[in-house]
Amino acid sequence: MTPHRQWRTTTTLVVLLSACTAAAVVTLRVIDRIRASSPTPEVLYVPSATAARRLSLGYTGLAADLYWTRAVQYFGRKHHENAGKYPLLYSLLDITTSLDPHLLPAYSYGAAFLASAPPNGAGMADKAVQLVERGIQANPNDWHLYYDLGFVQAMELKDYVAAARSFEQGSKLPNAHPFLKILAASMAQHGGDVETARIMWQTTLDSTDDPSLRYNAYKHLQALQVDQDVPQLEALIQRYRENTGRLPASLGDLVVAGWLRGIPLDPAGHPYRLLSDGKVVVQDPKELPFIKQGLPPDYQPTIKTLP
Amino acid sequence: MTARIRSIAFNTFREAVRDRVLYNLIVFALLMVGSSLLMGQITIGIQRQLVINLGLTAISIFGVLIAIFIGIGLVSKEIEKRTVYTVLTRPVRRWEFIVGKFFGLAGTLVVNAALMAIGFFGALLFLMHSFQKSDVYLLVAIYFVLLQFMIVTSVALLFSSFSTPILSAVFTFSIFVIGSFSEDLRGFAGMTQGPTRWLATALSFLLPNFSALNVISSVAHDQPVAGSLILYNTVYALAYAAALISAASLIFQHRSMK
């Protein structure tokens, strides 16, 4: 082959390679558009834990990890889409924990995913209890699971008697967090009050190294602070109104009147705002997900994302 | 006798390490171990378990594939290429040829597993920054994987002594799959009656039991492995592999080379 001919062949092949690659990319984009317009149906593919166990050829640990990752991704996608419904979530968690009954994060996070009310979770607190109870059966010496169970019973089901019982049982286990005893007592006496909720979130914050769990607990603690601050400030404003016959123009009026030492800050570090109707709101509710008080009237709550 | 077996084993090892399939599988296994670090980014709370489960499963499955792909040709290829005549015309007994082949491949698998294990422990160290006491059980899990390789190699060698490479691959892989279900087979035997029960029970004892050799899931949770299990698994794997090598030697002994 002459050098000229060789050069021509090389050039032709390079051009062909570039053209075909470009054609493949363009075609793939068209395929993406077609697929986007007809979304793939949500299916479990392997709906039974027994079948998944058999297909795993004995490598059940890896199969459970993959199912758990799938459950996390499924929850994350639905959460991001603000879907509100999570029809496959419990099945994915059920298969995961059947494949590996000792996979503790699947119970703890799984219960949080299932129990929280929409749009933050599936709103299936009963299923969350069922999942954690199965976890306790398989791992009877892990106090975290009793804590998770009591947490769901108290915070979502408002069943403080059951929650107290769960915390009490957990507190008897070796290495149990000392707060479990306090929680058990507190739940029996003052179930549902803010202080008990604060202890629960503080226990979560103190007992985990996981960044997303810590962030979630921290944001809940901030929300509890706002939920306490706002009614107190609004009560002061009402008293000011009763004394002066008018609403204060700003929170600065309360400072001038000597009722406040300074303009109070919300846990995000911004001053609280006073509206013309006497309501107190936070400046940036997006920074304080989970708050129930102090939401601006025009605010549309969105999903509360974890980092 | 020992020198002859050693010589055949060494040549088998040398031949096996020249095989490109071996390197492709090792690279793929190491890629899988590495990918466990990436997969850890898209999951929650199980990063360490994922590296252990994926890493040890990759070592196990790719080792089994290497054992099958190389093991199936150990005898049949020698016959096909007629190189077996060169060996057997020397003062080498047929059973020595089989035993040497077994040790050659077993040695190759040990070296491969060691390479993959270095990659695995490297990935674990990268994730955790240090090792912990319970990581010693990971070595036990790798040891059990090596015992599993011994059994698979002897199964492949048995089929290779009388069948073609393709059929040997199919048979060996089927035995590996069935052996992974041996607990289910026992469960099935317990639920049936009469001849079916006897047949299922006999099969569950005759087929290799890989369930007891798989402790990956429990070591991923830092659960200890009992010393008695290590002892009995070793005895079981040695006895099973020796039985199959004896069977392979017996078949090869009476096989016509014409």
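**Chains A and B: a short chat**

Student: How many residues of chain A are in contact with chain B, and how many of chain B with chain A?
Tutor: In this predicted model, 19 residues of chain A are in contact with 21 residues of chain B.

Student: Which elements of chain A give two or more residues to that side?
Tutor: Those are helix H3 (60-80) and helix H5 (104-115) of chain A.

Student: And where does the largest share come from?
Tutor: From H3(A), which gives 8 residues to the side of chain A that touches chain B.

Student: What classes of residue are on that side of chain A?
Tutor: It has 8 nonpolar, 7 polar and 4 charged residues.

Student: Moving on to chain B. How many helices and strands does it have?
Tutor: Chain B has 12 helices and 0 strands. Read from the N terminus, its elements run α-α-α-α-α-α-α-α-α-α-α-α.

Student: What box do its C-alpha atoms fill?
Tutor: Along the principal axes, the box for chain B is roughly 60 × 50 × 30 Å.

Student: What does the radius of gyration of chain B agree with?
Tutor: With a compact globule. For 258 residues such a globule would have a radius of gyration near 18 Å, and chain B has 20 Å, so the two agree.

Student: What percentage of chain B is buried?
Tutor: Buried residues are 43% of the 258 residues in chain B.

Student: Last one, about contacts within chain B. What share joins residues 24 or more positions apart?
Tutor: Among contacts in chain B with a separation of 6 or more, such pairs account for 83%.

Key
Residues numbered from 1 in each chain as written. Chains lettered and ligands numbered in written order. Predicted model: local features only at pLDDT ≥ 70, side-chain atom pairs only at ≥ 80, totals over all residues. Contact = placed C-beta atoms within 7 Å. Helix = DSSP H or I, 4+ residues; strand = E, 2+ residues; numbered from the N terminus. Nonpolar A, V, L, I, M, F, W, Y, C, P; charged D, E, K, R; others polar. Rg over C-alpha atoms; globule rule 2.2 N^0.38 Å. Buried ≥ 20, exposed ≤ 12 C-beta atoms within 10 Å, placed from the backbone.
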